[in-house]
Amino acid sequence: MKKSENFANCIQNSFDIAFKQQSFIIFKDFNQIISSLNEESFEFEQTNKIIDSDLDSFFFYVRRNVANGLRKSKLASFRNLDLEEKCKFINSSFQNSALFKAIDKLKWHSNDLAAESCENLPIRTVWIPDFHDGPRVDLSSTLVYLGQNSILAGRKLYSSPYPDALKLSKISKQLSKYTSRYNTIHSPNLVDSDAKENFDFYKKSSDFKSVDIVICSFPAAFCEAFIPLNKTIIFNPAHRYNMGKCSQRKWLKFNENYEKLNKKSKLIVSAMSRYDLEYHTHFVDYKPFYRLFAYGGFYARGIKFNPIRDEILVGPSNGMGAGGKEILNSIRQQTSEFKFAKIREIYPRYSLEQLANHRAIVIFPYAVMSYSIIDFYISNIPIFVPSINLMNEYKMASDRTINSSLYCQKEKDFEDINPTGHGYFHHFSPNDNSDLAYRYWLAYADYFIWPHVTVFDSAKDLIHKLKATNFKQISDKMKLYNKIREASLLDNWCRILKKVEPIQPIPESFEKSLEYFNLKNIY
């Protein structure tokens with residue numbers, strides 16, 4: 001066997017070891033830091049942004065820095081070894097590490113990645129009153145997979161792009177007037193009588209009787225009226241935790257309710273994206289402990305990448321961000337080799353199986369997180385996205401703050417509760433539209449956090465990268481990373497479900513409940 005083949009085999013062994021360790025590390029909530037790798041010297045460089053989105057490089061970095069393998073005392077002799085010897089040395093070092101031995105002792109579940117925290121899982125009943133299709137189907141299908149009792153209790157009832165995925169969840173038709181009335185991203189002019197009506201209704205509801213957890217994502221503030229019912233509440237924003245709080249008074253009151261709930265150990269905070277986690281952190285000054293990031297893998301089971309069609313798709317499906325049309329026209333003018341087609345031009349209504357018949361999709365995002373992009377990634381379709389600098393030219397992805405035209409821009413009394421922009425964790429406010437702040441916050445968008453998303457700087461750069469890309473190889477790597485995403489999500493859910501107290505009693509009255517939580521009012 002040639003020496004290069006020996007080295008290749010050793011590298012493959014390295015990745016096998018690293019994959020097992022990587023899944024463990026993500027379970028334990030270590031910070032994800034992307035690295036660059038110099039394969040000739042095996043030197044590692046930490047960076048604060050994605051330089052090389054190849055997950056294999058990430059594995060090497062994690063193993064060196066977290067798995068406690070190489071020791072400084074050995075570096076001198078290490079430098080004198082050839083590549084194959086270096087590789088074997090690294091593998092041996094990690095196989096003998098304390099972390100590797102600890103992982104070996106874990107009892108892995110059927111997908112080889114589920115954390116030990118999912119063993120002996122209690123059964124909880126989870127109330128999901130959301131009216132956004134994405135969180136409804138994603139949350140409910142994940143909970144069903146974990147053997148939990150999921151109750152969809154929003155006004156959409158059976159309506160969903162994925163109706164089959166809802167069949168294993170209970171659909172409750174017992175809707176309070178509050179739930180029926182709260183049907184837009186902006187809350188109506190709510191008063192405490194609305195919260196009291198919600199309390200009185202669900203105190204008598206037979207469907208709500210066994211509920212342990214209420215989870216709200218779009219909007220997270222929907223859960224405010226459920227505070228008096230004394231259930232564990234998961235604030236899990238899919239779009240900005242303070243959505244609908246367009247005045248400083250409403251926003252500050254929301255934060256106050258948040259803190260009162262937390263003092264009674266009735267609050268669990270998460271987010272459905274890294275952007276929303278950091279956004280929350282900036283305004284509340286602490287990082288959510290859990291990460292229930294949007295996944296999609298339990299309602300999109302069995303999607304296979306099968307690129308039998310020639311078109312390169314253009315998305316998202318429900319509209320491109322600012323500048324997308326102009327950039328797309330430039331792309332089409334510069335090449336006849338690739339045929340670009342907007343998703344809705346081919347599929348007025350589409351399935352993920354249909355999208356997976358295309359070799360790639362070019363996205364001009366209107367948002368930092370959206371379920372259409374979640375669907376593309378879970379389907380393992382190679383994604384191409386404009387660079388941060390190119391997006392900044394057009395201020396693409398306008399759906400990233402609550403003072404945008406989509407949310408509070410038209411509200412005359414909107415005022416940032418932190419106008420200076422400085423926070424404990426972040427030096428810029430996400431509501432700051434300056435170039436510097438825009439580029440800083442956009443780096444937390446899903447498509448800049450995920451590995452294996454190809455970034456382009458211009459129409460010419462995109463065409464060059466499309467020509468050079470091995471689509472099947474990228475899709476395979478996305479599939480591998482999606483396994484890690486699933487494992488991380490299950491681990492977070494399992495730790496939450498074990499933490500929650502079963503069936504907490506509903507207080508005698510709305511007034512008694514406010515007294516218990518030390519609240520004068522809800523709104």
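Which cysteine does a disulfide join to Cys-118? It's Cys-494, with S to S at 2.1 Å. I'm calling a disulfide any pair of cysteine sulfur atoms within 2.5 Å, and a search of the whole structure turns up two of them. The Cys-118 and Cys-494 link is right-handed, at 95° about the S-S bond. What I like is that the pair ties together distant parts of the chain, 376 residues apart. Cys-118 sits in the loop between helix H5 (98-105) and strand E3 (125-128), and Cys-494 is in helix H20 (residues 471-499). Helices (H or I, at least four residues) and strands (E, at least two) are DSSP runs, numbered from the N terminus.

Okay, ground rules. This is a predicted model, where local features need pLDDT of at least 70, side-chain atom pairs count only at pLDDT 80 or more, and totals for chains, interfaces and linings use all residues. Residues are numbered from 1 along each chain as its sequence is written, and side-chain values use heavy atoms, with hydrogens and water left out.

On confidence: pLDDT is the predictor's confidence in each residue, from 0 to 100. The protein chain averages 81, and 75% of the residues score at least 70. Residues 22-76 stay under 50, though the model has 116 contacts for them beyond four places in sequence; contact means heavy atoms within 4.5 Å. Residues 106-113 are also under 50, with 22 such contacts.

Now the sheet. Five strands form an open sheet in the order E10-E9-E11-E12-E13, with parallel pairing; two strands pair if DSSP finds at least two bridges between them. E10 (340-342) and E13 (453-456) stand at the edges with a single partner strand each, so one side of each has no neighbour in the sheet. The twist averages 30° from one strand to the next. Helix H19 (residues 459-468) packs on this sheet, touching E9, E10, E11, E12 (383-386) and E13, and its direction makes about 145° with that of E13. Angles run from 0 to 180 degrees between N-to-C directions, and axes are lines fitted to C-alpha atoms, for helices over the stretch in contact. Inside the sheet, three bridges join E9 (residues 312-315) to E11 (residues 361-363), and Leu-313 has Ile-361 as its bridge partner in E11.

Last up, a helix pair. The axes of H10 (residues 248-263) and H11 (residues 274-284) come within 12 Å and cross at roughly 95°. H10 and H11 are therefore roughly perpendicular, a label that covers 65 to 115 degrees. H10 brings Trp-251, Asn-255, Tyr-258 and Glu-259 to the contact, while H11 brings His-280, Phe-283 and Val-284.

Notes
Parallel < 35°, antiparallel > 145°, perpendicular 65-115°, else oblique.
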